[in-house]
Amino acid sequence: MGKGFRGIIVDHPDFDAGSDAEALYNAMKGIGSDKDAILDLITSRSNAQRQEIRSAYKSQYGKDLIDDLKYELTGKFERLIVGLMRPPAYHDAKEIKDAIKGAGTDEKCLIEILASRTNEQIHNLVAAYKDAYGRDLEEDVIGDTSGHFKKMLVVLLQGTREEDDVVSEDLVEQDAQDLYDAGEAQWGTDEAKFIMLLGNRSVTHLQLVFDEYQKIAEKSIEDSIKSELSGDFERLMLAVVQCIRSKPMFFARRLYKSMKGLGTADNTLIRIMVSRAEIDMLDIRECFRLRYEKSLYNMIQDDTSGEYKRTLLRLCGGDDDMAGEFFPEAAQIAYKMWEISATTKIQLRGTVRPYQNFDPASDAQALRKAMKGFGTDEDTIIDIVANRSNEQRQEIRQTFKSLLGRDLMADLKSELSKNLQRLILGLMMTPAEFDAKMMKKAMEGAGTDEHALIEILVTRGNQEIQEMCSAYQSAFKKSLEDAIESDTSGHFKRILIALAQGAREDGPVDMARALEDAQELAEACNADSGDMEDKFMSILCTRSFPHLRKVFQEFVRCSNKDIEQIIKKEMSGDVKNAMFAIVRSVKNQPSYFADRLYKAMKGLGTDDRALIRIMVSRSEIDLFNIRKEFKDTHEASLHEFIQVEAFVGDTSGDYRKTLLILCGGED
């Protein structure tokens, strides 16, 4: 086992291969099989011990153990148990053989295995493939793939990456500059340079190169790959970079994607749980907990069933206690994630831009014509409203009034209905009017939509909040602060009122103060819950976002805890949700909105109010970035989600059509 072992499955003490072979034979003889006995035995032996059991089984009974297991077991449970019985290299070989046989190719499987294995594992895989199938793996990969994707796979198949102790310090800056020159700095991309550097330099060397690249490009190497490359080649290079940064985090992402949403990608789930159980499952669990809102154990428990579930849980090794403490690997990753967040300069892009050849009088008359007489020409309304900037829409409103003597908003309200009406009216309001209206809607009636209140107040800048407060007072003859005061309570109320002041600090990071704030937050974690919430509120609700990024980074160093995990564990209800939203927005606001959109559309029914609120408010600010984050996290485009989800209850398709125009295209 030795120092540094991060797996779950270890050698079983007092191991006896012959006795285990007999126990498995007895579990499978007669009618039916004792599945519990099989899974208990196989998951409590290391892979090396399983190979001894397989040999003993053949010696004692003249039969192949894997053949008998295949005969006795079925479905996912059979695939999982048989996968555990194969030597690692032969398991990888079988996965790759299955990925490239038949009509289609499972590129994601090829990417996962070849991007994540060490030189030794690659060499063993190539030999196992030759032994098992009598074929050359490189030739089969070349025959089944193409282009730059094929070239990078062939490079990885050589298993010649420099070893980790090889760091050419004089080449770090040069390699970073070469990568920048090969992509961001020129028209077109020099893919060969990406392949050569990312396919051959050592892990430690490339980690330093990525840090240097961040300084040169003012963006992460991942963001550059997303903008410069495409298709399977992009996905492969991203996987290589993610594995260079942290293999446990790479596998945590793959596991999450295999289980989220409808259905489970069982082949991926089985492959990772089998291949990492004796290598780094503890670190994968920690990274999973760091990135997502539940432990790997709980997600497996919720997403699988029967003997299959019990076997996976044995390989997982236990439920994490959510204490927020990190293993060293996860603490380093958390620190690095905040560092990247602090140094990356994201260029925000909307999807709606000012319309060329804009003529407010012509648009006003066209809208009037679309609403006159019997029936309404929704297509014309959608085409004009969704393709004009907000500033242009305000000109149309004024021109409609001065030219035709009518209130455009009142006319639209009478001619349209349901979600289409809400969406079009939202687009026609000024941003401040719209936010004020959304705040009012969130607080009127029997229940309060706390998530809407949090989302708006956390993500708006000082000027936006101040303009919203003025619009609220003007529209509803009551201050927003008074409305919050009467509709909420306790610490949650105080957080919202603090945010509603629109008085968050501006300016660059004050390093000394950031360290002081981080230390105060760390000390507050040991205080009573009320005192802790007060301290968190005093810092998270007032400091600038750049300052908070540095505070949260240093918090990891001070406490060996991640701020997100502490909030989830130590706080509850609306206070937890508000604090968590601040942290997520500080880290990556487009990612926060992408997550909000996903939650608005997943499961039964769509939260149309949240969908409309985000699509309207972000369309001219950062909806393009949100789209990219959505695709990266959920492996489906925002365009696809809207196409499916906005169809429900919208027989005409006009609501969906408008949302898709705002979305701005397929990714």
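**Contacts, burial and backbone of a predicted model**

User: What share of contacts in the protein chain, between residues at least 6 apart in sequence, joins residues at least 24 apart?

Analyst: The share is 74%. A contact means heavy atoms within 4.5 Å. This is a predicted model: local features need pLDDT of at least 70, side-chain atom pairs count only at pLDDT 80 or more, and totals for chains, interfaces and linings use all residues. Residues are numbered from 1 along each chain as its sequence is written, while side-chain values use heavy atoms, with hydrogens and water left out.

User: What makes the protein chain as compact as a globular protein of that length?

Analyst: The chain has 40 helices and 0 strands. Helices (H or I, at least four residues) and strands (E, at least two) are DSSP runs, numbered from the N terminus. Its radius of gyration is 28 Å, close to the 26 Å from the globule rule for 667 residues, so the chain is as compact as a globular protein of that length. That radius is taken over C-alpha atoms, and the rule is 2.2 Å times the number of residues to the power 0.38.

User: Why is helix α40 called largely enclosed?

Analyst: Buried means under 20% relative accessible area, exposed over 50%, and partly exposed in between (1.4 Å probe, protein chains only). In α40 (residues 654–663), 7 of the 10 residues are buried, so the helix is largely enclosed by the rest of the structure. Among them are Y655, L659 and C663. Across the protein chain, buried residues make up 52% of the 667.

User: How do you know that C558 is too far for a bond with C525?

Analyst: A disulfide is a pair of cysteine sulfur atoms within 2.5 Å. The sulfur of C558 is 10 Å from the closest cysteine sulfur, in C525, so it is too far for a bond. C469 is in no disulfide either; its nearest cysteine sulfur, that of C541, is 14 Å away. The structure holds 0 disulfides.

User: Why is C469 called partly exposed?

Analyst: Its relative accessible area is 22%. That lies between the 20% and 50% limits, so the label is partly exposed. C558, at 32%, is also partly exposed.

User: Which is N357, buried or exposed?

Analyst: N357 has 75% relative accessibility, so it counts as exposed. N357 is found in the loop between α21 (328–343) and α22 (360–371). Its phi is near 55 degrees, positive in a residue other than glycine.

User: What makes E218 count as partly exposed?

Analyst: Its relative accessibility is 36%. E218 lies in the loop between α13 (203–217) and α14 (221–228). Phi of E218 is positive, near 60 degrees.
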